[in-house]
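Please read the following points beside the sequence and the structure, which are shown here first.

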Amino acid sequence: THIFVAFEVRLSAADAGGTWDVYFMNTSGGDSQRVTHDSSRGQDGGGESDISPNGSEIVYQCRPRNAKSNQLRIVPTLGGASRMISEGGRVPKWRPDGMRIGYLDNREYPKIAFWTIRPDGSDKRFEFSDSTWSFDFSWAPDGKSVAWIHNDGIVIHDLESGKVQALISKMTGIGELCWVQNDAVVFSCRKAGMFDLWMVPARGG
């Protein structure tokens, strides 16, 4: 079994003005391969990418030099021409079935909205908004809910019913999270300047 990762790298100032592009590599080792040449400017415009469930494409956030806002684009895993699927948005993540992509939109700051879209850029849907800033989310394995950072905690949003369930509360410093296959949510939390990994059942506890 091979596991692959996509990640964004800041290019040297001499090469491209300190901009960012997406690279792809096998976690077992070997050389990384540069797959985008958008040269996103600044960390706010780049830094988020996700490999499709079938491994054929990468969705990523970028902000080319002449663009007025962030773009969400898709590029083949082995490189090639990319295509824009949305103007605006950040933290794009494939739904586990590969049929839709979820992402955050902060254009109504301080509210943050969760949207989904098809990989071809069609059928853009507003799912819900939150009055508190969220830096990350994670799809449930069945694609029907998302785990969401809310205030000093994590909540579960059911996308079909609209119900919200508190999972973790009164825990400051939560950074990134991932809803794993054994129906648990793994998340990072910063305390006293150090990051640790925590895990909680998705049903609570």
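1. The largest nonpolar core of this predicted model has 16 residues, and those touching the most other members are I154, I168, I174, V185 and F187. A nonpolar core is here a set of buried Ala, Val, Leu, Ile, Met, Phe, Trp, Tyr and Cys residues joined through side-chain atoms within 4.5 Å, where buried means under 20% relative accessible area, exposed over 50% and partly exposed in between, with a 1.4 Å probe and protein chains only. Two or more residues each come from β13 (145–150), β14 (153–158), β15 (164–168), β16 and β17, strands being DSSP runs of E with at least two residues, numbered from the N terminus. A second, separate core of 10 residues includes V91, L104, V146 and V155.

2. On provenance, this is a predicted model in which local features need pLDDT of at least 70 and side-chain atom pairs count only at pLDDT 80 or more, while totals for chains, interfaces and linings use all residues. Residues are numbered from 1 along each chain as its sequence is written, and side-chain values use heavy atoms, with hydrogens and water left out.

3. Leaving aside neighbours within four places in sequence, the contacts of F187 (heavy atoms within 4.5 Å) include I154, I168, M171 and I174, and also E176 and D196.

4. Strands β16 (residues 174–180) and β17 (residues 184–191) pair in the antiparallel sense over five bridges, pairing being assigned if DSSP finds at least two bridges between two strands. C178 has V186 in β17 as its bridge partner, and in the hairpin, with three residues between the strands, D183 takes a positive phi near 60°. Strand β17 is also joined to the antiparallel β18 (residues 194–201), by eight bridges.

5. An open sheet of four strands runs in the order β8-β9-β10-β11 with antiparallel pairing, and its edge strands are β8 (90–94) and β11 (125–130), each pairing on one side only.

6. Seven aromatic pairs are found in the whole structure, a pair being rings of Phe, Tyr and Trp (its six-membered ring) with centres within 6.5 Å, stacked if the planes are under 30 degrees apart, edge-to-face if over 60 and tilted for the rest. The rings of F114 and W139 have centres 5.8 Å apart and planes at 65°, so this pair is edge-to-face. F114 is buried, with a relative accessible area of 0%, and W139 is buried at 6%. Ring pairs link F114, F128, F137, W139 and W148 into a cluster.
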